[in-house]
Amino acid sequence: MKYLLPACCLLCFALGLPALADAPAKNTVEIHDFKFAPGTLTVHVGDSVTWINRDQTPHTVADADKTFRSAALDTDDKFTHAYTKTGTYKYFCTMHPQMTGTVTVLP
Amino acid sequence: MQNDNQPTRREALKCMSAWAGTGLLWSLVGGIPKAFAAGDAAGEAAMKAAGGTFSFAQVSDTHIGFNKQANPEPLKTLGEAILRINAARPGFVLHTGDISHLSKPEEFDTAAEALKGLTAPVHYVPGEHDTLDEGGGKLFLERYGKGTKGNGWYSFDDHGVHFVALVNVFNLAPGREANLGADQIKWLEDDLTAVSTSTPVVVFTHIPLWTVYQPWGWGTDDGAQAIALLKKFGSVTVLNGHIHQVIQKVEGNITFHTARATAYPQPAPGAAANPGPMVVPPEKLRSYLGVTTVAAAQGVPSLKLNDSTLEGA
């Protein structure tokens, strides 16, 4: 076993696979059980954030200050938004407004 | 927020179980809405014997376009609901929202075509699933909003009963529950000014006006303001959908009643990790779906509500 683990990691690395199969990609927010996960995310100016809906019901992603709103995201649909200015941005689902999240954008 | 009025989960479940397995037919007997279970022959006969009665039906949460495991064929179950409603011969039908699943034009088209199967005219309010188009509800309002105020609210009178359609799925704010808005509440106040307090009032909307279950957002932030305006009336019935199950609460002269969906069931408050579609064995599905009919008789202030499932359809 001692040698298997590194070999496995090396293989994953070689194939460009993440070390853990279910680890979320960078700057990705999963929508699951009517929650945004992670609920708070820190990125840098110019980064894009991608939301992916894992629920069996549609959701939306909308900036609280109405600067952007996704279309309805059905199961496994994605939405990506690029943050171009520093600040703290609250967003929510317009269908289920109790679902909220925050993106902090650093320089 | 109406935390004072919020039922505990236990109370909500108790209420649920008391009503489980029924479908609602609304009947106005002498002005009081009464519900009787679809298939309750004795109730229906009594209603007819009373004379001067009329009835209307409620259909809700048709979600045309939904295609997940919880019910891959919502158009088929809507068709069964339509047959059930037609058999009850209501004067008209109230659709309490979520006509479509994703507000796609083709979903609205398919739903409209299917709902043409109803022999009675239909009055609509939108659900939040009907506001997902780019225009944020424009497609719904173009189709169903003619002659309405604001985002689709209106009222009408029938057989001595005052009906009010309220819309609580627009301009929802982060961290909050559903919302009527100050403009609509002002309109409601004005609308009710001309209505005598002895007139039975039926309010229909999509999301419950009272907080059924706050953690799932099953309530309306400013619903209490609308309810306050209704308290002076001798008989008020508030009908809604959204939660895909029957829950009833009586508070003074006001009866709050939620209807089943025709598309798919949702879990009892707090009974699952989330309020999304609940998968049940296919042979059990129709026992979770249904319609409501209401019977009324002129001169009698209460309405008779009847929930019936699609089982045995």
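How much area do chain B and chain A bury between them, and what share of it is on carbon and sulfur atoms? In this predicted model, the two chains bury about 1800 Å² between them, with 58% of that area on carbon and sulfur atoms. The contact draws 28 residues from chain B and 19 residues from chain A. The points below treat this interface, a helix pair in chain B, and several local features of chain A.

**Interface between chain B and chain A**

- On the side of chain B, the residues that lose the most area to chain A are B:Lys68, B:Leu132 and B:Pro174, which together account for 30% of what that side buries.
- The count between chain B and chain A is 1 salt bridge.
- B:Lys68 forms a salt bridge with A:Asp74, in which the closest N and O atoms are 3.1 Å apart; B:Lys68 is also one of the residues of chain B that lose the most area to chain A.
- Between the two chains there are 6 residue pairs in polar contact, counting pairs with both residues at pLDDT 80 or more.
- By residue class, the side of chain B that touches chain A comprises 12 nonpolar, 10 polar and 6 charged residues.

**Helix packing in chain B**

- Helix 6 (residues 182-193) and helix 7 (residues 223-230) of chain B pack at an angle of about 10°, and their axes lie 10 Å apart.
- Because angles under 35 degrees count as roughly parallel, helix 6 of chain B and helix 7 of chain B are described as roughly parallel to each other.
- Helix 6 of chain B contributes B:Ile185, B:Leu188, B:Glu189 and B:Leu192 to the contact, while helix 7 of chain B contributes B:Gln225, B:Ala226, B:Leu229 and B:Leu230.
- The residues of this helix contact divide into 6 nonpolar, 1 polar and 1 charged.

**Surroundings of A:Thr94**

- A:Thr94 is located in the loop between strand 7 (87-92) and strand 8 (100-106) of chain A.
- Apart from its neighbours within four places in sequence, A:Thr94 is in contact with A:Thr60, A:Ala62 and A:Arg69, and also with B:Leu172 of the other chain.
- With A:Thr60, the contact includes a polar one between the two side chains, at 2.7 Å.

**Salt bridges**

- Over all chains, the count comes to 10 salt bridges.
- Within chain A, the side chains of A:Arg54 and A:Glu30 meet in a salt bridge with an N to O distance of 3.2 Å.
- A:Arg54 lies in the loop between strand 4 (48-53) and strand 5 (62-63) of chain A and A:Glu30 in strand 1 (residues 28-32), so this pair ties together parts that are 24 residues apart in sequence.

**Backbone features of chain A**

- Most residues other than glycine have a negative phi, and most peptide bonds are trans.
- A:Phe34, in the loop between strand 1 and strand 2 of chain A, has a positive phi, near 60°.
- The peptide bond from A:Ala37 to A:Pro38 is cis, its omega being near 0°.
- A:Pro38 itself belongs to the loop between strand 2 (35-37) and strand 3 (40-44) of chain A.

Notes. Residues numbered from 1 in each chain as written. Chains lettered and ligands numbered in written order. Predicted model: local features only at pLDDT ≥ 70, side-chain atom pairs only at ≥ 80, totals over all residues. Heavy atoms only, no water. Axes fitted to C-alpha atoms, helices over the stretch in contact; angles between N-to-C directions. Helix = DSSP H or I, 4+ residues; strand = E, 2+ residues; numbered from the N terminus. Parallel < 35°, antiparallel > 145°, perpendicular 65-115°, else oblique. Contact = heavy atoms within 4.5 Å. Nonpolar A, V, L, I, M, F, W, Y, C, P; charged D, E, K, R; others polar. Buried area = accessible area lost by both parts, 1.4 Å probe. Salt bridge = Lys/Arg side-chain N within 4 Å of Asp/Glu carboxyl O. Polar contact = N/O pair within 3.5 Å; in protein donor to acceptor, adjacent residues only side chain to side chain.
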